[in-house]
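Please look at the sequence and the structure shown here before reading on.

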Amino acid sequence: PLLKTLRYLENIHNKEQAQKVQFLNSIGKVLDRFDKRTLVRKVIPLLIDVLKDNKLSPYVLANLFAIM
């Protein structure tokens, strides 16, 4: 599930808006399974990149706060 999560995040810009929201709502369930290094080097930068879409900001910020 962790590798699938990373791959999905890497390709999230190719997904439909509803799929992005659904993914961002459910990603919180697996974030605590990532080690700190992976969160800092991979997950956080990918989530910050998703912040470019203003409509997704509330979902992304919730996950970033959960990581912190």
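Predicted model: local features only at pLDDT ≥ 70, side-chain atom pairs only at ≥ 80, totals over all residues.

Residues are numbered from 1 along each chain as its sequence is written, and side-chain values use heavy atoms, with hydrogens and water left out.

Helices here are DSSP runs of H or I with at least four residues, numbered from the N terminus. Two packed helices are described by the angle between their axes and the distance between the axes. The axes are lines fitted to C-alpha atoms over the stretch in contact, and angles run from 0 to 180 degrees between N-to-C directions. Two such pairs are set out below.

| Pair | Angle between axes | Distance between axes |
|---|---|---|
| H4 (residues 36-50) and H5 (residues 57-67) | about 160° | 9 Å |
| H2 (residues 17-26) and H5 | about 20° | 9 Å |

H2 is therefore roughly parallel to H5, a term for angles under 35 degrees. The contact (heavy atoms within 4.5 Å) is made by Val21, Leu24 and Asn25 of H2 together with Tyr59, Val60 and Asn63 of H5. By class, the residues of this contact of H2 with H5 are 4 nonpolar, 2 polar and no charged.

H4 and H5, in turn, are roughly antiparallel to each other, as angles over 145 degrees are called. On the H4 side, Leu39, Val43, Ile44, Leu47, Ile48 and Val50 take part, and they meet Val60, Asn63, Leu64 and Ile67 of H5. The residues of the contact of H4 with H5 comprise 9 nonpolar, 1 polar and no charged.

Ile67 and Ile44 are 23 residues apart in sequence, and their C-alpha atoms are 8.4 Å apart in space. When neighbours within four places in sequence are left aside, Ile67 is in contact with Leu31, Leu39, Val43, Ile44 and Leu47.

In helix H1 (residues 2-10), the buried residues are Thr5, Leu6 and Leu9, where buried means under 20% relative accessible area with a 1.4 Å probe, counting protein chains only. Seen down the axis of H1, these buried residues fall within an arc of 95°, so they line one face of the helix; the arc is that of the directions from the helix axis to the C-beta atoms. The cover over the buried residues of H1 includes H2, helix H3 (28-31) and H4. On the face of H1 turned away from its buried side are the exposed residues Leu3, Lys4 and Arg7, exposed being over 50% relative accessible area.

Terms used. Helix = DSSP H or I, 4+ residues; strand = E, 2+ residues; numbered from the N terminus. Parallel < 35°, antiparallel > 145°, perpendicular 65-115°, else oblique. Nonpolar A, V, L, I, M, F, W, Y, C, P; charged D, E, K, R; others polar.
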